[in-house]
Amino acid sequence: MDAFTPIVILHAIAATYVLVLGPLQILRRRRDLAHRIVGVTWVAAMVVVCVSSFWIAPDGFSWLHALAIWTLLCMVFAIAGIRARNVPIHRGFMIGSYLGTLTAFAFAALIPSRLIPRLLVSQPLVAVGTLLGVAAIALVFHFSVVRVAGPARTRSRAAISPTA
């Protein structure tokens, strides 16, 4: 792959979103409406990253494609886990998916012949500007959702149920 095609750009933007929001979702203690809202967008971005990866490398199937398939399966297992109210299963598959994404990113960023290192050498302002722009949008989205739908805005069951 020698050029930044629209699919590569979509893949990179979604991957940046996933990488930025992952730690915020994992480290945030409250599991509330904000966690679900941001989580749904995170899973959607993860699906975009995985599916778009199949159109990036025309050379055929690689271990990165196997990782994409496994990550898609992990998303299914994580969602099924939380729907069954099995938080440890959900947490394990979500954290595992994030770690897999970090692994793929490290591979893409540290191999000199890949697009990320070449872009950093040829157009560092474009690379850093894009990274900072997507990260800023993701962070503003996250903190806006947490502010509006976070724990301070969530009423407890005791406040909702009538007392006699």
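Helices here are DSSP runs of H or I with at least four residues, strands are runs of E with at least two, and both are numbered from the N terminus. By that count the protein has seven helices and zero strands, so from the N terminus on the elements read α-α-α-α-α-α-α. Along its principal axes, the C-alpha trace spans about 70 × 30 × 20 Å.

A bit of bookkeeping before the tour. This is a predicted model, where local features need pLDDT of at least 70 and side-chain atom pairs count only at pLDDT 80 or more, while totals for chains, interfaces and linings use all residues. Residues are numbered from 1 along each chain as its sequence is written, and side-chain values use heavy atoms, with hydrogens and water left out.

How far does the predictor trust itself? The pLDDT is its confidence in each residue, from 0 to 100. The protein's mean is 86, and 90% of its residues reach 70 or more. Confidence is highest in H2, at 95, and lowest in helix H7 (residues 157–160), at a mean of 47. Over residues 157–164 the pLDDT is below 50, and that stretch has one contact in the model beyond near neighbours in sequence. Contact, here and below, means heavy atoms within 4.5 Å.

Now for the packing, starting with helix H2 (residues 33–52). Axes are lines fitted to C-alpha atoms, for helices over the stretch in contact, and angles run from 0 to 180 degrees between N-to-C directions. The axes of H2 and H3 come within 9 Å and cross at roughly 155°. Angles under 35 degrees count as roughly parallel, over 145 as roughly antiparallel, 65 to 115 as roughly perpendicular and the rest as oblique. H2 and H3 are therefore roughly antiparallel to each other. Their crossing is left-handed, meaning that the near helix is turned anticlockwise from the far one by less than a right angle (clockwise would be right-handed).

On the H2 side of that pair, Trp42, Val43, Met46, Val47, Cys50 and Val51 meet Ala68, Thr71, Leu72, Met75 and Ile79 of H3. By class, this contact has ten nonpolar, one polar and no charged residues. For that tally, Ala, Val, Leu, Ile, Met, Phe, Trp, Tyr, Cys and Pro count as nonpolar, Asp, Glu, Lys and Arg as charged, and the others, Gly among them, as polar.

The class count for H2 with H4 is five nonpolar, four polar and no charged residues.

What about the interior? Buried means under 20% relative accessible area, exposed over 50%, and partly exposed in between (1.4 Å probe, protein chains only). Of the 164 residues of the protein, 32% count as buried. One of them is Leu64, with a relative accessible area of 18%, which sits in helix H3 (residues 63–83). Leaving aside neighbours within four places in sequence, Leu64 is in contact with Ala104, Phe107 and Arg114.

Pro117 belongs to helix H5 (residues 115–122), where Leu115, Pro117 and Leu119 are buried. What covers the buried residues of H5 includes H1, H4 and helix H6 (124–149). Over in helix H1 (residues 6–27) you'll find Thr16, buried at 16%. Thr16 touches Leu131, Val134 and Ala135, not counting residues up to four places away in sequence.

Most residues other than glycine have a negative phi, and most peptide bonds are trans. Arg85 has a phi near 60°, a positive value in a residue other than glycine. Arg85 lies in the loop between H3 and H4 and is exposed, with a relative accessible area of 75%.

Key. pLDDT = per-residue confidence, 0-100.
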